[in-house]
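Trainee: Could you walk me through this model and show me how to read its features?

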Amino acid sequence: MTTVAEIPRLSDWPSPITGAPAPGCCRFCGTSFRHRVVDLGMSPLCESFLNADELNRMEPFYPLHLWVCERCFLVQLEEYVGGEEIFTDYAYFSSFSDSWLDHSRRYVSQMIAQLGLTTHSEVLEIASNDGYLLQFFVERGVPVLGVEPAANVAKVAEKKGVPTIVKFFGRQTAHELAAAGHRPDLILGNNVLAQVPDLNDFVSGIKMLLASTGVVTIEFPHLLRTIDGNQFDQVYHEHFSYFSLYSAERIFAAHGLPIYDVEELPTHGGSIRIYAGHAEDTSKGATNRLLALRAREADAGVDTLDYYAGFESRVQETKRKLLAFLVEAKNAGKRVVGYGAPGKGNTLLNYCGIRTDFVDFTVDRSPHKHGKYLPGTHIPIFPPEKLWAARPDYVLILPWNLKSEIMEQLAGIREWGGRFVVPIPEVTIYP
């Protein structure tokens, strides 16, 4: 097991492959898959919401099998559908979560103070979505540029005054931006690294574009929290990879961007924000936070296959408990509806086989989802007002990472005796 004092030399680390991996091989180092973390069966793409006239058509399902690489310990899915098909027209808009906007606003203030960003600086966000974060830099007078592959989402960002180019990020886009004179002092990516099928192309593009003393920050759900918290619904086809600090350090260092700091965050059930800079920039040394998290992961054994061995049985137990609750509730004549239509919710519902026989409908704040149906389960999606008219006995919170925010918004259901159900890490009923 690796200790802080025994972190391998860069020359001992796995080398990145060039181009797409062969089927059944690690997308970073090319090692063949031999060790499964969990089998979640067959599932549709989690953001492929259906219109009413599509309900009787064939719907594609793909294997949702999670693997761990025995060499670099990157946890990942095989790529069955390319990013162009998933992200060109996307149904997720970040600005519909108040807590996520608050998180983004705090980040902007923190980075302006920490890096001394001014009107002469440049900030570039990869997968900038609807301008949810860059809008706060714009308010502070810091020049920004968003890179967003979904044209429908980018249009919303432009309306907020956030300049956005519609492209996938990688070496080619980085070359084009550098040729146009862009050298960002800060490059950031929030919950995008998991969605990148070609990790080596993506990270080397950051290396190519970042200013010589610039900083890159990347946020992603922390694998340690995903495994220990039984958060299996974080797994879906749009998320190709799942990162520990251990695997992230190896990937970024292999491309000349060593991680020098890490921040633990409460978002998405427990995330980390890594800070990296050029290997040639000697002004950035490893922080105590980085050393402490390295040590904690080493103690947990994320660099051993044993760490991943018990996850599947815990997932199966959670499925049984959720179904047992729903069977009991329906047998008692209770009405159950959902709240939210997130990607994680679609993994949960499809894996557990939960359809309208258990959950009548779900509601969501995003008008882009109203009138549509969840992929696979065909549960209808309505505006939140539908919940108040239905007066359900139970509200199943699918974006459980936002449970506090949602229970506060829906506190009024208690007037008729309504209760909240949170399915992860195991079924919990809240009055």
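Mentor: Gladly. Let us start with a definition: a helix axis here is a line fitted to C-alpha atoms over the stretch in contact, and angles run from 0 to 180 degrees between N-to-C directions. Please keep in mind throughout that this is a predicted model.

Trainee: How do helices α10 and α11 cross?

Mentor: The general idea is that two packed helices are described by the angle between their axes and the distance between the axes. In this structure, helix α10 (residues 311–331) and helix α11 (residues 343–352) have axes that come within 10 Å and cross at roughly 80°. Angles of 65 to 115 degrees count as roughly perpendicular, so α10 is roughly perpendicular to α11.

Trainee: Which residues of α10 and α11 meet there?

Mentor: From α10 come V315, Q316, K319, L322 and L323, and they meet L348, Y351 and C352 of α11. By class, this contact of α10 with α11 has six nonpolar residues, one polar and one charged.

Trainee: Let me try the other pair. At what angle do α8 and α9 cross?

Mentor: The axes of helix α8 (residues 245–254) and helix α9 (residues 288–300) cross at roughly 120° and come within 9 Å. That angle makes α8 oblique to α9. The contact is made by L245, Y246 and E249 on the α8 side, with L290, L293, R294 and E297 on the α9 side. The residues of this contact of α8 with α9 divide into four nonpolar, no polar and three charged.

Trainee: On to sheets. What is the strand order in the open sheet of four strands?

Mentor: In general, strands of a sheet pair through backbone hydrogen bonds, either parallel or antiparallel. Here the order is β1-β2-β3-β9, with antiparallel pairing. Strands β1 (35–43) and β9 (241–242) are the edges, each pairing on one side only. Six bridges link β1 to strand β2 (residues 62–68) in the antiparallel sense, and Y62 in β2 is the bridge partner of S43.

Trainee: How many residues lie between β10 and β11 in their hairpin?

Mentor: There are five residues between them, and H268 in the turn has a positive phi of about 55°. Strand β10 (residues 259–265) and strand β11 (residues 271–276) run antiparallel and are joined by six bridges. L265 stands opposite S271 in β11. Strand β10 is mostly covered, with six of its seven residues buried.

Trainee: Last, the loops. Is N230 buried or exposed?

Mentor: N230 is buried, with a relative accessible area of 6%. It sits in the loop between α7 (223–228) and β9, and its phi is positive, near 60°, in a residue other than glycine. R391 is not a glycine and has a positive phi of about 50°; R391 lies in the loop between α12 (385–390) and β15 (394–397).

Trainee: Which residues does the cis peptide bond join?

Mentor: It joins I424 and P425, with omega about 5°. P425 is in the loop between β16 (419–422) and β17 (428–430).

Methods:
Residues numbered from 1 in each chain as written. Predicted model: local features only at pLDDT ≥ 70, side-chain atom pairs only at ≥ 80, totals over all residues. Heavy atoms only, no water. Pairing = 2+ DSSP bridges. Helix = DSSP H or I, 4+ residues; strand = E, 2+ residues; numbered from the N terminus. Parallel < 35°, antiparallel > 145°, perpendicular 65-115°, else oblique. Contact = heavy atoms within 4.5 Å. Nonpolar A, V, L, I, M, F, W, Y, C, P; charged D, E, K, R; others polar. Buried < 20%, exposed > 50% of the residue type's maximum accessible area, 1.4 Å probe, protein only.
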